[in-house]
Amino acid sequence: MKFTPLCFGLCLVSVIACKRESEIKSYNVAKEVAAPAIPAAPASAADPHAGIPGMAGMTAGAAGMPAAAEFTDSPPAHWKKQALSPMRLASYHVEGEGGAMTDISFSLLRRAPGGILANVNRWRAQVGQAPVDEAALKPQTQVIKSSFGDALAVDIEGLASGGDALKDGRLIGVIAEEGDNAWFFKMRGNAALTATEKTHFYKWIESVKPAAPSTPAAVPGAGAAPAAAAPAAAAPAADGSLSWAVPDGWVVAPATATRYATLSVAGGGGAKAELAISHFPGDVGGDLANVNRWRQQIGLAPVDAAALPPLVTKLSAGSASFSLIDASGAAVRMVAAWTRHGADTWFFKFSGPAELVEAEKAKFTAFIESVRFTKPE
Amino acid sequence: MKKALRRLLGTLASLRLTVVCLSTALVLVLAGTLAQVNLNPVEVQRLYFQSWLIWWSEPSGSFSLPVFPGGHLIGAALLLNLFAAHISRFVWRWSKAGIQLTHLGLIIILAGGLATDLFSVTSHMYLRQGETKNYSDDDERSELAVTELTPGETNPVIAIPSEVLAACGSTSHQTLPFKVVVKGFYPNADLQMLGQEKGPTVAAASNGAGAQVGLKPLQPFADMNRRNKTSAVVEIIPNKDGKSLGTWLVSVAMDQAQNFEVDGRHWSLELRLARYYKDYSLSLVSFTHEIYPGTEIPKNFSSKVILTDPKNHETRQVQIYMNHPLRYLGDTYYQSGFQSDDSGTILQVVRNPSAQAPYISCIIVALGLLMQFTYHLVAFARRTRKATAP
């Protein structure tokens, strides 16, 4: 008789254990990516695989999120720290009377193609306000000081339908653009409380400063960063798979989730060309598919297998042999090189405005010739 | 009745059963080891050790037969045997107290092992520098996340586990204005762009990325170093008019969700590794990966993370490295590896409600053995003293 409960218990735990894996779950999660705030994948022009929507490693995974940023800040004593969501570098909230609340956040994103207007309109939509155009935006913005230079601030009052007036009703957004990055400061919450906290908010923004770099960022190719201003020198990538010489005037840009490394070069009038380095297992669909996808990205018609060989030239770098194509679309020129090493195919895709790519093509070729695989195949 | 129960107790408590169980366990371990030639260790674990019976399937798959007891059955039989022996031979005497304690320790370790098998969950948290996460991924299971894209701060998610998808049926949920009909489920597949020489010619789905991609089903990889590209083709049928919106290819090989609209509401579909959400989050501040000079052999990994738990008002910095895991709210975070480009860390997250069982068991067994040997030593010393007394 003493065994009955034991046997029953064993059966019960087995049933419970089997059941747990096959249940449909329903829950709410904090947004991982605030979709409109994320620039529309700046990688799309430079990522060799951007033409295949959704394919792993073939689109920018952490869309628009630059490399990790460290900073220091001095929030007012009454601000309470809260859990960081994936997009936030700092997150606070302030509680007012009667349950009123306002939420303060700080995030770093790549500069959005839509610019400030798109972001302001996104914020306006969040508080139930109609979008505005450039002309209407100007009078609504204010320039304030920040460690990242002058920043544009907007103060929007409104409540979206179904919104909770205790937690919403006013949004103050500040955008500071620095190079390719945009620093977003946002305070949104109960209208009266947000208005009260406005001065503290602006003071806090002034206090946010990038931390002095202690060690080089552990991003692929980061070892090459300091060499950007120095004469070309062999610079090993972070994981030691590759070494290369960074061309004079080129800089190592923040890596993305799907890129091994990114280098960029600036031209006149704000023009910029980017070299995206990535590697993927296998042949990623084969040369023809890759070339046609790139051609499609710059508005060129695909070619058939017979037409491909004349378009491809060969380039040697140490013991590696690279294939290279050069294609010009209406607005973008692209020079891409690729090679197989071990089980992977490595892609080096240099793209940007035609004039700048033409001017830098020799450096790109020299860069490819300097690439060495330090790990055996 | 009492007689029958006593006989049953006698059988269960017999030493013969112990020997049979231990011998069967030996054979099972050998069979499980050999099976890893064709199956990956996780699959072997599931089929041989985390099962009540091992099944042999006729090659065409039309029928299956149980051919050997699985790990759970052997473990449970051993546990019952030990438990029965403990009860039927239990005599409260100081001379036996050590043996009784030792048996109790063994029962705890066996029961703990079974509980670990049934209830423990192992997952991984992949963190890049500066990244914050409040969930871990299960590398062995996937789920179809159907997310409503709302303007608020949070998004409602319906997560349909791959076990449900594998049944290839129609799935609905009270919060969804549509049905998800699984047209095909593939534990592993090769995805290739259309239009290549000798490549696929038929699109896997009518909408989204799948309209440009062909799918070829593959056997799941036996090699643990290769990850299966679990994929499925699903059809969306709105409840309102029952008119299909088309099919979508979803795969863990895709890293972006695919969007669609039903009745003016926006949704996204994504097949991803199953997620376990936490009430707290971890942010990776920095990650160190040292190797022995001139080699690729890892010397030391360590991750500096910030633990933030608003519910319990806890914010602290923690260093996780070999043999120094972070234990928090039932989860244990071990330093497991690093991301291929060295830009982040991989933490193994183990949630095991019976994690303490081996420690408790070892203490009890050690105490039992100490008592038993001490008792015999004292008795021996007494006898010797008596024998040598003048």
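This report describes selected helix, strand and loop features of chains A and B in a predicted model.

**Chain A**

Chain A contains eight helices and 20 strands. Of its 377 residues, 39% count as buried. Among the contacts in chain A with a separation of 6 or more, 54% are between residues 24 or more positions apart.

Strand E8 of chain A spans residues 169-178. Eight of its 10 residues are buried, so E8(A) is largely enclosed by the rest of the structure. Strand E7 of chain A, residues 151-157, runs antiparallel to E8(A), and six bridges join the two. Within this pairing, A:Asp155 has A:Ile172 of E8(A) as its bridge partner.

A:Gly268 lies in a loop of chain A, between strand E14 (261-266) and strand E15 (272-281). A:Gly268 has 9 other C-beta atoms within 10 Å and is therefore exposed, the cut-off for that class being 12 or fewer. In sequence A:Gly268 is 88 residues from A:Leu356, while their C-alpha atoms are 8.4 Å apart in space.

| Helix pair (chain B) | Angle | Axis separation |
|---|---|---|
| H5 (residues 94-119) and H7 (residues 357-388) | about 165° | 7 Å |
| H2 (residues 15-35) and H3 (residues 41-49) | about 150° | 9 Å |

For H5(B) and H7(B), the angle of about 165° makes the helices roughly antiparallel, because angles over 145 degrees are classed that way. The crossing of H5(B) with H7(B) is left-handed. Their contact comprises 18 nonpolar and eight polar residues, with no charged ones.

H2(B) and H3(B) pack at about 150°, which means that they too are roughly antiparallel. Their crossing is right-handed. On the H2(B) side the meeting residues are B:Leu28, B:Ala31, B:Gly32 and B:Ala35, and on the H3(B) side they are B:Val44, B:Tyr48 and B:Phe49. By class, this contact holds six nonpolar residues, one polar and no charged.

**An open sheet in chain B**

Four strands of chain B form an open sheet with antiparallel pairing, in the order E6-E7-E10-E11. Strand E6 (170-171) and strand E11 (247-251) are the edge strands, each pairing on one side only. E11(B) is joined by five bridges to strand E10 (residues 231-238), and the two run antiparallel. In this pairing B:Val233 is opposite B:Leu249 of E11(B).

Most residues other than glycine have a negative phi.

B:His313 counts as exposed because 8 C-beta neighbours lie inside 10 Å.

With 13 other C-beta atoms within 10 Å, B:Leu329 is partly exposed.

Note on methods. Residues are numbered from 1 along each chain as its sequence is written. Chains are lettered from A and ligands numbered from 1 in the order in which they are written. This is a predicted model: local features need pLDDT of at least 70, side-chain atom pairs count only at pLDDT 80 or more; totals for chains, interfaces and linings use all residues. Two strands pair if DSSP finds at least two bridges between them. Axes are lines fitted to C-alpha atoms, for helices over the stretch in contact, and angles run from 0 to 180 degrees between N-to-C directions. Angles under 35 degrees count as roughly parallel, over 145 as roughly antiparallel, 65 to 115 as roughly perpendicular and the rest as oblique. A crossing is left-handed if the near helix is turned anticlockwise from the far one by less than a right angle, and right-handed if clockwise. Ala, Val, Leu, Ile, Met, Phe, Trp, Tyr, Cys and Pro count as nonpolar, Asp, Glu, Lys and Arg as charged, and the others, Gly among them, as polar. A residue is buried if 20 or more other C-beta atoms lie within 10 Å of its own, exposed if 12 or fewer, and partly exposed in between; C-beta atoms are placed from the backbone. Two residues are in contact if their C-beta atoms, placed from the backbone, lie within 7 Å.
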